[in-house]
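Here's a quick walk through a two-chain model, written for someone who likes cut-offs spelled out. Have a look at the structure first.

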Amino acid sequence: MTETLTRNDALIIDGVALNSRLIMGTGGAPSLSGLGAALIASGTELTTVAMRRYSVDGTAGANTNLFGLLLENNIRVLPNTAGCFTAREAVMTAELAREALETDWIKLEVIADEHTLLPDALELVEATEQLVNRGFKVFAYTNDDPVLALRLEHLGAAAVMPLGAPIGTGLGILNPHNIELIVSRAGIPVVLDAGIGTASDAALAMELGCDAVLLATAVTRAQDPVLMAQAFKHAVIGGRLAAQGGRIPKRQHALASSAMDGRPDL
Amino acid sequence: MSTIQLNGSAHPYVAGTTVAELVTAMTGRVLLASGQAADGGRLGVAVARNSGIVPRSQWAATPLELHDELEIVTAVQGG
């Protein structure tokens, strides 16, 4: 049933049609097999990975199969620049990702510090400009700042990804008005990224007009990641349908849905 | 001491070793001259040498030099 509902409503980014509007992250999963099950349950067709040193010992050994896991399940890979504090580091990481994974899609993440993990707007702008010039399709992880989001679009970003709340907090969408404002002015896809805690947060993002939702922790660290992945799958579809269906205006006073005329005299 | 830095730790330097041979030694995958895996699968690995990318097509033609700093990276969970 869900497939029927979404068949004609693919998200198009850089000419690629994504039939799921749920983009998944892979961080925080305790095991690769558990992660695989959650990704499949989510129905995602696009999933982020980080770029790190290749490890031959056991510590990160399991991670070396992550790329294979995504390929096997026909999930497109979206490398990120997580952990980069400067434009220079982010550009180098993006180049390594393009070489390793053979994609010019990059989730650009340039953070200011490890306590907030908030984007550094100046470095983000600088990195976006450089990466666009180098032919990358930039998915810019940004603050929920309508002015900055528009700047990133004008610099040539393929998508803007405003945060709902800081990474990993699960606080939901702290400034829905800003998200709506970003959506209302954007000519490129808007992906609500970070801060999602539970299914209703993802539904709200879609109701606000976002084109997709990106989340990781809310699934990978849930008590039952597979169940939560299913919940998000349906929440994103539900929110999207609600946004298209057109909600009723909010009113101060009640409005009867049953006619008052023709009541019997009791 | 005759070493190279590989992913942050010192390794013995063997004259004449190429980047391609190093990648094969680390991943256990045999490489074609193009730098693609001979098994037909995707390798998922990139190499930076002294802070510059070495494209996979250049791996076989790039010998290591003494005190080279190499970073070999791949996709891991994140984001």
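Predicted model: local features only at pLDDT ≥ 70, side-chain atom pairs only at ≥ 80, totals over all residues.

Residues are numbered from 1 along each chain as its sequence is written, chains are lettered from A and ligands numbered from 1 in the order written, and side-chain values use heavy atoms, with hydrogens and water left out.

**The interface**

Chain A puts 30 residues into the contact and chain B puts in 26 residues, where contact means heavy atoms within 4.5 Å. About 2,500 Å² is buried between chain A and chain B, with carbon and sulfur atoms giving 59% of that; buried area is the accessible area (1.4 Å probe) that two parts lose on being put together, summed over both. On the chain A side, Arg53(A), Tyr54(A) and Glu99(A) lose the most area to chain B, together 30% of what that side buries.

The rule finds four salt bridges across the interface of chain A and chain B, a salt bridge being a side-chain nitrogen of Lys or Arg within 4 Å of a carboxyl oxygen of Asp or Glu. One of them links Glu102(A) and Arg56(B), with the closest N and O atoms 4.0 Å apart.

**Strand pairing**

Strands (E, at least two residues) and helices (H or I, at least four) are DSSP runs, numbered from the N terminus. Two strands pair if DSSP finds at least two bridges between them.

| Pair | Sense | Bridges | Opposite residues |
|---|---|---|---|
| E4(A) and E5(B) | antiparallel | four | Arg53(A) and Val73(B) |
| E9(A) and E10(A) | parallel | three | Leu192(A) and Val213(A) |

Which way do the side chains of E10(A) point? Ala212(A) and Leu214(A) go one way, Val213(A) and Leu215(A) the other, and all are buried, meaning under 20% relative accessible area (1.4 Å probe, protein chains only; exposed is over 50%, partly exposed in between). In a regular strand the side chains alternate between the two faces of the sheet.

**Gln36(B)**

Gln36(B) sits in the loop between helix H1 (19–27) and strand E3 (45–49) of chain B. Its relative accessibility is 32%, so Gln36(B) counts as partly exposed. Leaving aside neighbours within four places in sequence, Gln36(B) is in contact with Glu102(A), Val30(B), Leu31(B) and Arg56(B).
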